[in-house]
Amino acid sequence: MSLFLIKTLINSLYIIVFLLISTNVYSMVYVYEVTTKTTRFQTVSRLQPDAFMQYNGGPDIIYRLEVLGIYPNRDYDKVMRDYGFIDSKNDNQLLYKNVPKFIPYKPYYWWR
């Protein structure tokens, strides 16, 4: 084997190890309380708050998003036990409270 091929393989291994370590170190689990126009519930997600909001329809669908807790990714089972999520279903329906008095009109755009 040529020296160039060996160096390329070693560099590729370094990159793969770095990616595996960096994703495990920085991945977090977020517990949210979500309020929409008609429902209120708790859920667990690995998405950060901004990404969660945009992925699930944005401020025209979600009126209020509260972060209840942030845990390391390895504690996902602990989160499920702490917040009482049943049967691996990460959705706890809550009693609906009144929506905040002023909700600006934000139309839903289908291309989001």
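**Strands, rings and burial in a predicted model**

Strand 2 sends Arg40, Gln42 and Val44 to one side and Phe41, Thr43 and Ser45 to the other, and all are buried. In a regular strand, side chains alternate between the two faces of the sheet. Strand 2 covers residues 40–45. Of its 6 residues, 6 are buried, so strand 2 is largely enclosed by the rest of the structure. The model described here is predicted.

The chain has 112 residues, and 23% of them count as buried. It exposes about 8,700 Å², of which carbon and sulfur atoms supply 61%. Contacts were also sorted by separation along the sequence. Among contacts in the chain with a separation of 6 or more, 63% come from residues 24 or more positions apart.

Strands of a sheet pair through backbone hydrogen bonds, in either a parallel or an antiparallel sense.

Strand 1 spans residues 28–36. Of its 9 residues, 8 are buried, so strand 1 is largely enclosed by the rest of the structure. Strand 1 pairs with strand 3 over 9 bridges, in the antiparallel sense. Within this pairing, tyrosine 30 stands opposite isoleucine 70 of strand 3. Strand 1 also pairs with strand 2, again antiparallel, over 6 bridges. Here valine 31 stands opposite valine 44 of strand 2. Threonine 35 has arginine 40 of strand 2 as its bridge partner. A hairpin connects strand 1 to strand 2 through 3 residues.

Strand 2 is joined to strand 4 as well. These two strands run antiparallel and share 3 bridges. Threonine 43 has its bridge partner, aspartate 91, in strand 4. Threonine 43 is also one of the buried residues of strand 2.

Aromatic rings were examined next. A pair of aromatic rings is described by the distance of the centres and the angle of the planes. The count comes to 3 aromatic pairs. One of them joins tyrosine 30 and tyrosine 32, with 5.9 Å centre to centre and 10 degrees between the planes. This pair is stacked, because planes under 30 degrees apart count as stacked. Tyrosine 30 and tyrosine 32 are both buried. Together with Phe52, Tyr30 and Tyr32 form one aromatic cluster.

Phenylalanine 52 belongs to helix 2, which covers residues 49–55. Phenylalanine 52 counts as buried because its relative accessibility is 8%, under the 20% cut-off. Beyond its neighbours within four places in sequence, phenylalanine 52 is in contact with Tyr32, Val34, Thr43, Ser45, Leu47, Ile62 and Leu65. Thr43 and Ser45 point the same way from strand 2, the other way from Arg40, Gln42 and Val44. Leu65 is 13 residues from phenylalanine 52 along the chain, and their C-alpha atoms are separated by 9.3 Å.

Tyrosine 71 lies in strand 3. With a relative accessible area of 16%, tyrosine 71 is under the 20% cut-off and therefore buried. Residues up to four places away in sequence aside, tyrosine 71 touches Met28, Val29, Val31, Lys78, Val79, Asp82 and Tyr83. Val31 is the residue that stands opposite valine 44 in strand 2.

Arginine 46 was compared in position with two tyrosines. Tyrosine 71 and arginine 46 are 25 residues apart in sequence, and 9.7 Å apart in space from C-alpha to C-alpha. Arginine 46 also lies over the face of tyrosine 76, at 4.6 Å from the ring centre.

Terms used:
Residues are numbered from 1 along each chain as its sequence is written. This is a predicted model: local features need pLDDT of at least 70, side-chain atom pairs count only at pLDDT 80 or more; totals for chains, interfaces and linings use all residues. Side-chain values use heavy atoms; hydrogens and water are left out. Buried means under 20% relative accessible area, exposed over 50%, partly exposed in between (1.4 Å probe, protein chains only). Contact means heavy atoms within 4.5 Å. Accessible areas come from the Shrake-Rupley method with a 1.4 Å probe; for residues, only the protein chains shown count as cover. Two strands pair if DSSP finds at least two bridges between them. Helices (H or I, at least four residues) and strands (E, at least two) are DSSP runs, numbered from the N terminus. Rings of Phe, Tyr and Trp (its six-membered ring) pair if their centres lie within 6.5 Å; planes under 30 degrees apart count as stacked, over 60 as edge-to-face and the rest as tilted. A charge sits over a ring if NZ of Lys or CZ of Arg is within 6 Å of the ring centre and within 35 degrees of the ring normal.
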